[in-house]
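Look at the model below and keep the sequence beside it.

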Amino acid sequence: MNIPSKYDANSVESKWYSYWLENKYFHSTPDEREPYTIVIPPPNVTGVLHMGHMLNNTIQDVLIRRARLLGKNACWVPGTDHASIATEAKVVAKLKEQGIDKNDLTRDEFLSHAWDWTNEYGGVILEQLKKLGCSCDWDRTKFTMDDDMSEAVIKVFVDLYEKGLIYRGYRMVNWDPEAKTTLSDEEVIHEERQGNLYYINYKIEGSDDTLTIATTRPETIFGDTAICINPEDERFAHLRGKKAIVPICNRVIPIIEDEYVDVEFGTGCLKVTPAHDENDKNLGDKHQLEVIDIFHEDATLNSFGLQFEGQDRFVARKNVAKELEALGVLVKTETHLNKVGTSERTKAVIEPRLSDQWFLKMEDLVKPAIKAVLGEDAEIKLFPKKFENTYRHWMENIRDWNISRQLLWGQQIPAYFYGEGKEDFVVAENIELALEKAKKATNNPDLKVADLTQDTDALDTWFSSWLWPMSVFDGIRNPENEEIKYYYPTNDLVTGPDILFFWVARMIIAGYEYKDQKPFNNVYLTGLVRDKQRRKMSKSLGNSPDALKLIEDYGADGVRVGLLLSSAAGNDLMFDEALCQQGKGLGNKIWSAFYLTNLWEVADIQQPQSSKIAIEWFEAKFQKALVEIEDHFSKYRLSDALMAIYKLIYDDFASWLLEIVKPAYQQPIDVKTYNSVMANFEDILKILHPFMPFITEEIWQTIAERTPEEALIVATWPKAKPINETIISQFEFTQEVVSGIRTIRKEKNIAFKDAIGFSVINNENTEATFDAVIQKLGNLESVDYVSEAVEGALTFRVKSNEYFIPMVGAIDVEAEIKKLTEELNYTEGFLKSVQKKLSNERFVAGAPEQVIANERKKEADALAKIETLKTSLASLK
C-alpha cells in the first residue's frame, strides 16, 4: 500500500463529500430503526457562513454522525428562513442601484424581484455548510416561503383567528422608521444613551402665568393634547381647570389631573402626547384626549410639524430647540441619560406609533410551554440549565405578540376586507373561501372576488419559523402523515441563547398547540463566538475571520476541532486561530500513526509478551475512554468528549501503544499484534469520525477495500465491554518506571542503543505483568528483582520501589556527587518549609482538608526523594 507521508485535506474533503452524497448516506426515510432527528436553525436567506454558524452546525453534525454510528435513523433537515426585514432591505437596496423605487412597483412586481434575489443568493450558506462537512439530508431542504410551508402558516393563522386567539387592534407599537415596519417587543434592544432634558415654558390661557415642563423630545410638542398635573401636588393647585398654550403652534390644550404624574420627576408637570408614547396614550384614553400623529412612516415630521415638515425627527429636535430659545420659552437644557429602544435588525431608534396591527393572545398559549421546561415533570431540558431563569422571566412576563409587519416579502395576512369599516373583513385560507364567508357576512350573494381586498401586511418571520419542526414534515397540513409520526418530536435542538425566546420558546408553544407534544427533547444553547480579547466577533470590528479561508488553510476537520476545543458547553467561545492549527495537528498525528503502521512488514511470527500485554492495556484504556465520552455526550459537553479522544490518541495510542509494539529496525511485526493494532485504530476512527469526518473516512478506506455498505460513515459505534481497571493501574506505575529510566539515560547521556542493566527492590509488591514492556521501552538487558541496594548504581524511586541502573562507561564522579549534593540540600530545605507549615497549629486548624492533604503528600515525596539521593551518594563515595 503506497500512501503519501503528508495528509492533503483539500483533495480528500471534496472526494469524500461527493462519495457520501452519491451513496445517499445523509438521506433518511422512515423505517424500523429508532429515529434521531435534528432540524437546522434555518439561517437567513441573506446569510453567508460566519463563525457562529460554523460552531452551531459543527455541533449538530457531530451529534448526527454519532447517531448514525449508533445505528439510529439519523435525519438532519436543512433549510433557510425568508427573513422578511433583512431580505426586503437587500432587495430594496439592489433595486435602488438599478434606479427602481420599491414604491413604484406593484406587490407582484416587487415579489418577482425578491424571488429573483433569493434564487440567486439564497442558497449560498447551505452550499458553504457542505464545505464544513455537514451531513444534512439535502433532499429535504426547506425554505420558509416554499408553497407548502406558506400554506401551513396561513392555515395556522386562520385556525388561531377562529379560536379567538388572533385579533386586530389599534395599538401603540414599536415602529422601525428605517425598515418602515412594526416590531415585536422582543425585537427591540434597549440601550442607555446620553441625551438632553429640555425645560420649556407653556403660557396659561388668559393670564401672564406660565408652567414649565421637562421633555427629552421637544419636537413632539406638535402632538401635545394636554398638560397633566398630580391632584395631590399643591404647587399647581392654581392651574386646575385652566388651559395652556403649546409654544410655536399656539394650540390651546386642557390641563388635566392624574395620579400617574411623578411629582419628583422634572418639574412635576407632564406634557401628554398620546400618539407618540404608550403611557401618554393610556392617559389620553382615560381622559378622552385628541390624538395627533405628527410623523410620516419614515419619522420625518408631517404637516402638523408646521415649518419643520419633512425634517427628520433628530434634525427637527435641534431646530425646534433653537426656535423655542428664540421665542424665549426654552428655560434651560440639561444632559440626561435615558433608555432608548433600537431595532435589532436596522439599529434605527424605535418610534412608538399608533397603528392597526394583528396580535396573538399569549396568556393561555404559553402555559403548556412553561410547564414543559420548568414544571416538576419537565419534558424539555435546556443545556446549560442556567438558561431556565431567562426562559422563566420571558414566559412569565409575556405580552400579546404583534404578528403583522408592514412588508411585502413574507406570508401575506389572509384577511380580506369587503367594506369601508375596520371590522368589515373575513379571515380565510384563500380568496375563494373568503368570498363565501363575505357573502354570508354581508348577506349579499352577488359579491365578487373583485369586491375583496386582502390586507397588505405580511406576517412576522417568526410566525413562520415557530412551526419549523412540524412544517418540515408537513405536520400542519397533514397531521397524521407517516413522517411527522416517525420523526416528531425531534431529538436535539442546537441554537444560540439570543433566540431562546424568539424561536425556541415559540416552537414549544406551537408544538403543544398543534401536536399536543414537545417539539424536541433537548435544547443545547451554544455560547457566542468571541475573539481572544473577549470581544464579540463582528464585521464592523474586523475581528471575524473568513470562515471559508479557515477551512482552506486548516482543512474542515482542523477547523471543526479548533472550534470545539474552545467551546465548553454553553459558555462563550474564545476563538483563536491557533486552535485550528491544533486541530490540523491532531489530523497530522493520526495520519503519521497510520503512515508508520503502513511501513511495517507483517510476518507470521510469535507475538512478543510486551505487545500482548500492551494491547490488553490499550483495550482497557479505550473502554474507559468510551464510558467517559458517553457521559460527556449525555451532558452535551462535546469539547470534553473530543478532549478525551484527543488524549487517547496522543497519550495512549501514539505515545505508548505504537512505541511498545513497534518492531525493531528492519524487523517484521507479528500478524496477531498488527491485526489487533489496526482493529484498535479502526475503533479510534469510529469515535473520532463525528468530529473529524474527512480524515477518518480517508484512513478507513485506505486501510482496506470497502464496499459502500462498509464505509466509516455507516459503521458501528464500538460496543462497551467490562473495564480491566487493574491493568490500567499497573500500567500507570509502569509509565513512571519507564520515565525514570529515560530521565537517567538523558541526564547521564547513556545512548538508547546501549542495553543497560536494571534491578528493583520490589517494596510495593508489584506484579511482573509489564516487565517485558519496561525491558523493551528502557532497552534493558533484563529486569532483576533484588533485596539489597546495588552498589555503585544510579537510582530512582516510584512510590516505595527502588530501581538501580549500573553506571555505564566513564562518569565524572566528583561532578555527579556535587550535583546530587546540591539536589539533596535543596530538597532538605523544601522539606523543612513544608514541615514548618504542618507544625503550625493555626495553619492546620484553618486550612481546607485538601490543602493539608497536599502538604502531607509533598512531605512524603520529599522524604522519599531524600532517601533516594542519599542512597545514590553513598554508592558514589
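What follows is a tour of this predicted model, taken one region at a time.

Start with helix α10, which covers residues 387–396. Which of its residues are buried? They are Phe387, Glu388, Tyr391 and Met395. Viewed down the axis of α10, these buried residues fall within an arc of 105°, so they line one face of the helix. An α-helix has 3.6 residues a turn, so residues three or four places apart point the same way. The face of α10 turned away from the buried side carries Asn389 and His393, which are exposed. On the buried side, the cover includes helices α9 (367–374) and α15 (500–514) as well as strands β15 (381–383) and β23 (520–525).

The loop between β15 and α10 contains Pro384. The peptide bond leading from Phe383 to Pro384 is cis, and its omega is near -5°. There is also a cis peptide bond from Tyr488 to Pro489, with omega near 0°. Pro489 sits in the loop between α14 (482–487) and β22 (490–495).

Helix α24 runs from residue 813 to residue 839 and has 27 residues. From its first C-alpha to its last, α24 reaches 38 Å, close to the 39 Å expected at 1.5 Å a residue. The buried residues of α24 are Glu816, Ile817, Leu820, Leu824, Thr827, Leu831, Val834 and Leu838.

Next come the nonpolar cores. In soluble globular proteins, nonpolar side chains tend to be buried together. In this model, the largest nonpolar core has 193 residues. Which residues have the most contacts inside it? They are Leu360, Tyr391, Phe463, Trp466, Ile508, Phe691 and Phe758. Helix α19 (residues 638–661) supplies the largest share of this core, 14 residues. Apart from this core lies another, of 29 residues, among them Ala244, Cys269, Ile294 and Ala321.

Tyr391 has already been met as a buried residue of α10. Phe463 gives another view of the largest core. Setting aside neighbours within four places in sequence, Phe463 is in contact with Val153, Val156, Phe157, Leu160, Ile166, Leu360, Trp401 and Ile403. One of these partners, Leu360, is itself listed among the residues with the most contacts inside the core.

How many cavities of 30 Å³ or more does the structure hold? It holds one. The largest cavity contains about 40 Å³ of space. Its lining is made up of Trp175, Pro177, His276, Asp293, Phe295, His296, Glu297, Ala299, Glu351, Pro352 and Arg353. Strand β14 (residues 351–360) gives the largest share of that lining, three residues.

The rest of the tour concerns single residues in loops. Thr46 is in the loop between β1 (35–39) and α2 (51–69). Is Thr46 buried or exposed? Its relative accessible area is 19%, and buried means under 20%, so Thr46 counts as buried. Leaving out neighbours within four places in sequence, Thr46 is in contact with Ala86, Thr87, Lys90 and Trp117. Thr46 and Thr80 are 34 residues apart along the chain, and their C-alpha atoms are separated by 9.1 Å.

Lys163 lies in the loop between α6 (147–162) and β5 (166–176). Not counting residues up to four places away in sequence, Lys163 touches Glu513 and Tyr514. Between Lys163 and Asp651 there are 63 Å in space, C-alpha to C-alpha, and the two are 488 residues apart in sequence.

Two further loop residues have an entry for the backbone angle phi. Ile248 is in the loop between β10 (243–245) and β11 (252–257). Phi of Ile248 is near 70°, a positive value in a residue other than glycine. Ile248 is buried, with a relative accessible area of 14%. Asn443 lies in the loop between α11 (431–442) and β20 (453–454). Phi of Asn443 is near 60°, again positive in a residue other than glycine. Asn443 counts as exposed, because its relative accessibility is 68% and exposed means over 50%.

Technical notes:
Residues numbered from 1 in each chain as written. Predicted model: local features only at pLDDT ≥ 70, side-chain atom pairs only at ≥ 80, totals over all residues. Heavy atoms only, no water. Buried < 20%, exposed > 50% of the residue type's maximum accessible area, 1.4 Å probe, protein only. Helix = DSSP H or I, 4+ residues; strand = E, 2+ residues; numbered from the N terminus. Arc of directions from axis to C-beta. Contact = heavy atoms within 4.5 Å. Expected span 1.5 Å × (residues − 1). Core = buried A, V, L, I, M, F, W, Y, C linked by side-chain atoms within 4.5 Å. 1 Å grid on protein atoms, 1.4 Å probe; cavity = no way out; pocket = protein on both sides within 12 Å on 5 of 7 lines; lining within 4 Å. Points joined across faces, edges and corners; volume = space filled by probe spheres on them.
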